[in-house]
Amino acid sequence: MKKQFLTLAGLALILLGLLQACAGGETPEAEAPETESTAEAPETQASGETGTLQIRANGEDFVRQGFVSKDGWEISFDHLYVNLADLTAYQTEPPYEPEAGDELQASQEVKVEEVKTIDLAEGDENAEPVLVEEVEAPAGRYNALSWQMVNADEGPASGYAMVIQGVATKDGETVNFTLNVDEELAFSCGDFVGDERKGVLEPGGTADVEATFHFDHLFGDGEAAPDDELNVGALGFQPLADLAEGGELTADTADLEQDLSEEDYNKLLELLPSLGHVGEGHCEETQLTT
């Protein structure tokens, strides 16, 4: 009898379990983790989707520390103003290759809304590239950059896209110079090329992109060989020094067109589009007023 009673009791317990299952009963312990996970999901998705993107302009050591031109002039810069508009960083896919004639296809873009005049010679010889603007931006890889150099409406470069002020010396002769350039330029560039990768913005992190200006293309580099491609194509400083009077030279583009030889003036115009880079990465110059 005792064995039969235990068997009946076991069957009763099994039937009770089946009835609970059919009624859809769930224990509180099973519900708690699911509720907690659902509540946290929106916060997890919303956090870390953006970071801080720093957009910089760099005249390189040539501007901050000075250098010797291809024709032996020691040049130092007091100010080198560039007036920048529509400075925009992009995430592109496929990667943008301006020299290949590619079309820039952006999945994300971050733009500096204001027109800004930047002094590339700002700071001491060890100064960092100038911070143009710091913006919150979607995380990802920023592998393209574009900007325009336009004539300024006000400020230290008023009326010009670029103002170069400095001192040049050679063999005891000194020339204080100011060159006012009103040729407007626009650059479209691919990925930064340099010793370190730029533009990789992690969620919640900080990254930078850089508009780089190569003024050795204009004046040449005395540390390079005379037959180096850079020096063969550069204007140098001597054609400008020849225009100085009493050790002073102040000239705008119209003055240079009138006073330089036709060959030197045309070389100047040909060199201006080569100023814009992203590190050592090349750009396409898409506008030049003459």
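Helix α8 has E262, E263 and E270 exposed on its other side, the one facing away from the residues described next. Exposed here is over 50% relative accessible area, buried is under 20%, and partly exposed is in between (1.4 Å probe, protein chains only). Helices (H or I, at least four residues) and strands (E, at least two) are DSSP runs numbered from the N terminus.

This is a predicted model, where local features need pLDDT of at least 70 and side-chain atom pairs count only at pLDDT 80 or more, while totals for chains, interfaces and linings use all residues. Numbering starts from 1 along each chain as its sequence is written, and side-chain values use heavy atoms, with hydrogens and water left out.

Back to α8, which spans residues 262-271: D264, Y265, L268, L269 and L271 are buried. Looking down the axis, these buried residues fall within an arc of 165 degrees, so they line one face of the helix. The arc is taken from the directions from the helix axis to the C-beta atoms.

On to the core. A nonpolar core is a set of buried Ala, Val, Leu, Ile, Met, Phe, Trp, Tyr and Cys residues joined through side-chain atoms within 4.5 Å. The largest one has 63 residues, and L53 and W147 touch the most other members. Strand β3 (residues 74-92) gives the most to this core, with seven residues.

Now the pockets. On a 1 Å grid over the protein atoms alone, a pocket is an open set of points where a 1.4 Å probe fits, with protein on both sides within 12 Å along at least five of seven lines; lining residues have an atom within 4 Å of a point. Volume is the space filled by probe spheres set on the points. For the classes, Asp, Glu, Lys and Arg count as charged, Ala, Val, Leu, Ile, Met, Phe, Trp, Tyr, Cys and Pro as nonpolar, and the others, Gly among them, as polar.

| Pocket | Volume | Lining by class |
|---|---|---|
| Largest | about 380 Å³ | four nonpolar, four polar, eleven charged residues |

Of the 19 residues lining the largest pocket, N58, E60, F192, K198 and E210 are the closest to its centre. Helix α3 gives the most to that lining, with four residues. The lining of the second largest pocket includes E60, F62, H214, H277 and C283.

Finally, N126 sits in the loop between β5 (116-119) and β6 (130-138). N126 is exposed, at 59% relative accessible area. Its C-alpha atom is 7.4 Å from that of R64, 62 residues apart along the chain.
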